Amino acid sequence: MKKLIFLLCLLSFLQSNAQSNIEIAGVYIKRANESLNNFDVEIAKNHFEKAMKYMDSINTPEVARLGTFIYYELKIYEEAKKYSGYYFNLVKNKKSEEYTEMLTLSVDINEFLEKIQIEKKRIEEEKIRKEKEYRKIDSLKAIWIKKAELLSIKVDTIYNFNSNNIALFKKKDFFGLINDVGKILIEADEYKDVVSFDGFFILKNAIENPTKLYCYNSTDNSGFLIPNVSDFNMLSTNYGVVMFPRANGKLVTYPNNANEAFVFDLIERKILKISDKEIVLKNLKKADFIDKFNDDGEVKIGKEWYYFGGHLGGGIHPIYAKEGYNLEGFLHSIDGRFSRTKSDFDFIGAFHNDNAQAIKDGQNYWIDQKGGLIEAENQTDSYNGKSKIVKLNTGAYQLKRDDLIILGNEKLEKMTDFIEKYSQK
């Protein structure tokens, strides 16, 4: 009996609560209608959604119609379609103007949904197309980077090109030669120093007192090993100080254990020595530039005897001490001046084009036949080609010409041009 009373009470409560929910929902439905009629569609939506919280289901076509119009006006077409479906399931009179109106609205909703679906499909296809394009661009970027790396020159330094399109480069402790399209002419694996002038490169296997010299003539792109210094003088073991090579092909060095300068013709590829030394000495004696000479190649200047050390061109002759292989100075046969190493220049190079290189305390100067200071220019110092040397952040180098990376016969356009060119294929 108690259980029956409890059940009746529960049913009464539920019926009362359900009645209350329907009444509350009715209030919100009324407000939603009023807001929609006042064109406050967003407020109408808020009231309508509150009403739905108090309703278990849509049980009248009027409520379904209201929901359809609210969501249609807000362009929430999926929800509008849902409520129009409820309407057609609940409506009884299919001949009324309201039914016709809802039918037309339903068609409009379906057309909008179809357009939305088509646009979604277009957007998805465009997204896929762009993703493919981005992947292709990323792939092309990777290909370009790899190609660019292959066209990079991995050295420490590339110096300026000369007018013959040749430049020195350095890798670790060694020097080599490269042309302006990136072809390695001499590998950087043996020569630790270079003396370069007037289109000639003299590569040395040591910074001081080299025992091996290699000449590269950038004018005709030829190279060769200079004969061993012992071929010049049996007692010499190194070339000593190496002076600038000159455009006439003359190279002067000062070997150890020698009382004569090493003069070499880089064009004829032969050691030069005075063949008519006696005639030269007689003329110097006649001009009172020396006091005496003998068959041993010794000359007397003032009260001292010296070794006559050959001819540098321009009438300039090295003069050596009679003992100890010390270079004492230079006799200038144009005026008889004897410039001494202690007060003037330590070394003088080959004379050409009215000038000769002179060294004093490690500094380079230029002198005339009399030993006076003048100015001179490197005849192959200016590069007129199109290649530009570019150092990369990696430390490597690239050669660029006309906006192309070049290396030998290989060429690579800029990344943007490369991507544009191949992304269309």
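# Notebook: strands, sheets and overall shape

I started at β22, where Ile-374 is the bridge partner of Trp-366. The model is predicted, so I kept the cut-offs in view: local features need pLDDT of at least 70, side-chain atom pairs count only at pLDDT 80 or more, and totals for chains, interfaces and linings use all residues. Residues are numbered from 1 along each chain as its sequence is written, and side-chain values use heavy atoms, with hydrogens and water left out.

**Entry 1**

I looked up which strands pair with β22. β21 and β22 pair in the antiparallel sense over two bridges. For pairing, I used the DSSP rule of at least two bridges between two strands. Strands here are DSSP runs of E with at least two residues, helices are runs of H or I with at least four, and both are numbered from the N terminus.

I then traced the whole sheet. It is open, has four strands in the order β19-β20-β21-β22, and pairs antiparallel. β19 and β22 (373-374) are its edge strands, each pairing on one side only.

Strand β19 (residues 347-352) joins β20 through four bridges, antiparallel. On the other pairing, five bridges join β20 to strand β21 (residues 363-367), again antiparallel.

Which residues stand opposite Ala-358? In β21 I found Tyr-365 opposite Ala-358.

I checked both turns. The hairpin of β19 and β20 has two residues between the strands, and Asn-353 takes a positive phi near 55 degrees. The hairpin of β20 and β21 also has two residues between its strands, with Asp-361 in the turn at a positive phi of about 55 degrees.

**Entry 1: is β20 buried or exposed?**

I counted six of the six residues of β20 (residues 355-360) as buried, so the strand is largely enclosed by the rest of the structure. Buried means under 20% relative accessible area, exposed means over 50%, and partly exposed lies in between (1.4 Å probe, protein chains only).

I sorted the residues by face. In a regular strand the side chains alternate between the two faces of the sheet. One side of β20 carries Asn-355, Gln-357 and Ile-359; the other carries Ala-356, Ala-358 and Lys-360; all are buried.

I repeated the face check on strand β11 (residues 262-265). Phe-262 and Phe-264 lie on one side, Val-263 and Asp-265 on the other, and all are buried.

I listed the partners next. Strand β10 (residues 250-254) pairs antiparallel with β11 over four bridges. Thr-253 stands opposite Phe-262. Strand β12 (residues 270-272) is joined to β11 by three bridges, also antiparallel. There, Leu-272 stands opposite Val-263. The hairpin of β11 and β12 has four residues between the strands, and Arg-269 takes a positive phi near 55 degrees.

**Entry 2: the β1 to β4 sheet**

I found another open sheet, with four strands in the order β1-β2-β3-β4 and antiparallel pairing. β1 (157-158) and β4 (184-191) stand at the edges with a single partner strand each, so one side of each has no neighbour in the sheet. Between them I looked at β2 (residues 166-171) and β3 (residues 174-179), which run antiparallel and share six bridges. Phe-169 has Gly-176 in β3 as its bridge partner.

**Entry 3: the whole protein**

The C-alpha atoms fill a box of roughly 155 × 50 × 35 Å along the principal axes.

I noted that 39% of the 425 residues count as buried. Among contacts between residues at least 6 apart in sequence, 42% join residues at least 24 apart. Contact means heavy atoms within 4.5 Å.

**Entry 4: the segment after α7**

I ended at Gln-424, in the segment after α7 (415-423). Gln-424 counts as exposed at 65% relative accessibility. I took Asn-46 for comparison: Gln-424 and Asn-46 are 378 residues apart in sequence and 52 Å apart in space, C-alpha to C-alpha.
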